[in-house]
Amino acid sequence: MAIISLLLSAKKITPLLPKLFISDARLNHNRRRLQLNVDGFIDPKTVDLRPAIERRQEVSQELILPNVLFIGTQKAGSTSIFKWLFSAGVCAARRSDDDMSPLKETSFFLPNIRPAGEVQQYAELFQHCTSYDYIVDADPSHIVHPGGVYEFYQRAGYDALSRLKIIVSLREPVSRELSLYNHHVACVLAGEEKSNNPQNWSWCNHVVRRGELLSFEEYANSRLKKWLSEYPNRISLSIYADYLKEWMSLFHRDQILVLSYDEIMEDSSMVQWRIRQFLGGEFPGELPHSNHRAYEGKVERASLEARRALEPFFYEKNSELYRLLDENPGPWMEQRPFRRFRDFG
C-alpha cells in the first residue's frame, strides 16, 4: 500500500515538474533534482522553489553586464575593432565617474590585478549602459581565464551566460611577439610608465637588461625562449590551441567567433561583415588602423635569427590550432577553413 500511495503521489505532482525544471534551468546550468532514496521521498509539494527562482530573476534583471567579450589576443587588432564598435554605438565601461571616456580593458578577471569578485562589482562598471543593445568588454587578457569568465557568468544567471558572444582574433605568433616587443620598447622610451604606472613599467621592463634595451634577437634568445620552454601557458598568449580548447569546452561553439589578423590586415570590410552577422547588428563606419606606436629604430619584421629561435615553440601548437578549428566548426559566418598564418612582421 505504501508503494501504491507513493506512485499515486508522484503521478499527481508530475505535471508541475517540467515547469519548475524549465524555469530553474533558464537561470542556472546546474538543475536542481528531486531525490528518491530508500530512506524517504522529498515531496516537491513541500519544497517551494519559486521564491529562490524569483530572487535570482530579480538579481539578473537588475544587473547590466557585457554581452560581447573580445578575449584577445594582444596585438591582434582588438583596439581597432573596439574603437569601431564603440564609435558605432556599442557601450563600454567608463574609466571613472569623473572620466567618461570608454575603458577598453577592465582587467576584472586578472587575479593579480583585480580578483574576480561578486557579479555586482563587475556590473557597476556598466550601469550607464541600460539603454544599449550591445555592451562590450575588450580585454585581451580574458583569453587565459575561460574558467573564471564561465563561472562568473554562470553565477549571473542562465540568460547572461547563453546570450554572451565571444570574439577572438589570432595572429601569427612570432609576429605577435615582435609587436608586443615593440610596444614594450616604446613604453620604455616614453619613460612615462615608471612614475605614472609602476605595474605597466614592470610589464614593459622585460626588454631591458642592465639598463640597456635588448634587440629583438637578444630578447627572443635570452628571455622568450626560456619562458616558452619553462612556462609556455603562463607567459605567452600565442599558445592559442590550449586556450581555445578550454573556451570551447565551456561555451557553445556558436558563441565564439574566431577571426584572422591576416584578414583584418588584408580585407577589413570582410571582418566587419563577419562581426555584424555574428552580433546581429548594423554597425556603421570603417575599421580604423590603431595602436601604432612609432619610434626611431622600430623593428618592422622579425629577423631569420629570431624566427629560428622562436618558431620551434609554435609550430606544433599552430598545427594543433588548425586541427582544432577544422574539427570544431564555429558559427556560419566564420572563415572556414581558418587560414594558415602569414608573416606580417
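A residue counts as buried when its relative accessible area is under 20%, and this cut-off is used in the legends below, which describe close-up views of a predicted model.

**View 1. Serine 260 in strand 10 of the predicted model.** Serine 260 lies in strand 10, which covers residues 256-260, and because its relative accessible area is 1%, this serine is buried. Its side chain reaches the backbone nitrogen of aspartate 262 at a distance of 3.2 Å. When residues up to four places away in sequence are left out, serine 260 touches Ser169, Leu170, Gln335, Phe338 and Arg339.

**View 2. Glutamate 263 in helix 14.** Glutamate 263 is placed in helix 14, made up of residues 261-266, and with a relative accessible area of 6% this glutamate is likewise buried. The side chain of glutamate 263 is joined to that of arginine 274 by a polar contact of 2.9 Å.

**View 3. The packing of helix 6 against helix 13.** Helix 6 (residues 146-156) and helix 13 (residues 240-250) pack with their axes 9 Å apart and at an angle of about 20°, which means that helix 6 runs roughly parallel to helix 13. The crossing of these two helices is right-handed. On the side of helix 6 the contact involves Pro146, Gly147, Val149 and Tyr150, which meet Glu246, Trp247 and Leu250 in helix 13. Of the residues in this contact, 5 are nonpolar, 1 is polar and 1 is charged.

Terms used. Residues are numbered from 1 along each chain as its sequence is written. This is a predicted model: local features need pLDDT of at least 70, side-chain atom pairs count only at pLDDT 80 or more; totals for chains, interfaces and linings use all residues. Side-chain values use heavy atoms; hydrogens and water are left out. Axes are lines fitted to C-alpha atoms, for helices over the stretch in contact, and angles run from 0 to 180 degrees between N-to-C directions. Helices (H or I, at least four residues) and strands (E, at least two) are DSSP runs, numbered from the N terminus. Angles under 35 degrees count as roughly parallel, over 145 as roughly antiparallel, 65 to 115 as roughly perpendicular and the rest as oblique. A crossing is left-handed if the near helix is turned anticlockwise from the far one by less than a right angle, and right-handed if clockwise. Contact means heavy atoms within 4.5 Å. Ala, Val, Leu, Ile, Met, Phe, Trp, Tyr, Cys and Pro count as nonpolar, Asp, Glu, Lys and Arg as charged, and the others, Gly among them, as polar. Buried means under 20% relative accessible area, exposed over 50%, partly exposed in between (1.4 Å probe, protein chains only). A polar contact is a pair of N or O atoms within 3.5 Å; within protein, one must be able to donate a hydrogen and the other to accept it, and residues adjacent in sequence count only if both atoms are side-chain atoms.
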